[in-house]
Amino acid sequence: MTAIPKNSGKKLGLVTDLDICVGCHACAVSCKEWNAGGHSAPLTDSNAYGKEPHGVWFNRVHVYETDDGMNTRTVNFPRSCLHCEQPACVTVCPTGASYKREEDGIVLINAETCIGCKLCSWACPYGAREYDEADGVMKKCTLCIDRIYNDTLTEYERQPACVSACPTRARHFGDLGDPDSEISKLVERRGGYALMPETGYQPVNRYLPPRPRKDRAGDTGSRDRLEPAPEPVSGDGFFGWLDKALSR
Amino acid sequence: MHPAYSVILFTCSSGAGYGLLIWLATAWLGGGWNLDPPTALAASLAGLVLVTIGLLSSTFHLGHPERAWRAVSQWRSSWLSREGVAAILAYPPTLLFSAGWLWQSLPAGLMTLAAYATMLLATLTVICTAMIYASLKTIPRWSNAWVLPVYLAFSLASGGLLFAVAMSLSGAAERQLLGLVLGILTLAWLIKWGYWRFIDRQRPASDTGTATGLGHLGEVRQLEAPHTSENYLLKEMGYAVARKHAARLRRFALTAGLAAPAALLLLATAATGAGQSVLLLFAALLGLTGISIERWLFFAEARHQVTLYYGRSL
């Protein structure tokens, strides 16, 4: 049903650390690899080895440059479904194929009842949904629902593919509805934030901001600024005479 | 937004069809306009054909048209679903109302009831169509108070132009009626002009800074796109028409949709018989052309929030 269920308190989601993401696209590739054979399989590509390849991906890694007039910095920015608490993609769905799970808040699509009208992708400001031309249905991040509850995997593997793949541990998975969970404490500690809060969709996922830049002498623990060398005091003797002679 | 021809055809065609049915129902209920019954039947059927063409075209662009029946289930939350429900509910009274023009044994009371139901459900369907767009907060150029009046006014205006042809064929296209049609057409374009003025001055709250949450670090620019070729998002939501083309197309829309039909309507007040019908037919065709250009622009000028991630502005 497209009505949004009452939340059970559990809000599974991702936290992405923009300070340490190196923009390697391992999350995107690993996601594609897993999901091309998982719950939403296949993630169709067309013209995959041609000039204009086109295909369904649940993760997209942007690279931004920020500029405050003095400094620029580069920020790698993975973008995927934020599993919003007020997902407009769910309420606009005319068939009920798009739904939010009551037990953990994951937003999913029922591929058996999706009519492929694309309206949900129009309703999402975050570009989380991509249409599969070959299947005629919309597809999106499932938070690797077929991994996180998968008893045949070792416990260590029961996390989304993007989280497992990240070589810098920039991605974290957990229950953001529980204030005492490791992930919630991480968000608290690092000042994690939601994207475009002004739209009111209340994303569950959080992003950790890049840490303040250490580009001043004081940032590294040394003196705030180096004092200019004191005026040399000319002594007596040969070097004193030389100093005076050269300073003239 | 990508201006898909199926959606432009759907909104223009069903808008005109429902508009025509509203005029015909008004003609029956008002009783003042002397429509020739066979012509009225033909006009009602034309309205139904336009509505049906629109609905079929909107169905065929689905990924799974055979599942379209499922779309009537979520009317509690989805405007698209509500539109489907309203459109289906409109068929029985509209068919009865159409048949009633020639069906002598149909009680007048039932015909009147069918006319009211036709009017109400046709209006509701147009409202639902408009609300599908007006309810999308992701597209500031759609999510505003202008969109609903624009859709309703253009539905009545295009339906009115077609109704004038039917009245002329009945030999009853009097000066007052043509004046009324011209008034509504002018009003529709005035509302559209207000819409254009509004979107040109709009200052949306979101930009790439709020989309990424990096705005506090200064101006945020896209350095590298996440993919080397276009993806679904850019094809569907990244379409943008250049401002200078938009300005020219607005002039085309106003010329074809307002100036030309207005001149033909004025000429038609002086004409009679077949000559008048031909003039009014051309007025209707030009009016629909203008509205189609307007509808194409409605999509092409709309900007989606997801494009902020690709370094664009709203």
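**Tour: core, loop and chain contact**

Start with the largest nonpolar core, which has 163 residues; Leu24(B) and Ala164(B) have the most contacts inside it. Such a core is a set of buried Ala, Val, Leu, Ile, Met, Phe, Trp, Tyr and Cys residues joined through C-beta atoms within 7 Å. Select helix α5 (residues 147–169) of chain B next: α5 gives the most to this core, with 16 residues. Helices are DSSP runs of H or I with at least four residues, strands are E runs of at least two, and both are numbered from the N terminus.

This is a predicted model: local features need pLDDT of at least 70, side-chain atom pairs count only at pLDDT 80 or more, and totals for chains, interfaces and linings use all residues. Residues are numbered from 1 along each chain as its sequence is written, and chains are lettered from A in the order in which they are written.

Now pick Leu43(A), in the loop between α1 (26–35) and β2 (45–46) of chain A. Leu43(A) counts as buried because it has 22 C-beta neighbours inside 10 Å; the cut-offs are 20 or more for buried, 12 or fewer for exposed, partly exposed in between, with C-beta atoms placed from the backbone.

Move to the contact between the chains: 44 residues come from chain B and 51 from chain A. Contact means C-beta atoms, placed from the backbone, within 7 Å. On the side of chain B that touches chain A, β1(B) gives the most, with six residues.

Pairing requires at least two DSSP bridges. Select Glu65(A); its bridge partner in β1(B) is Arg221(B).

How values were computed: Contact = placed C-beta atoms within 7 Å.
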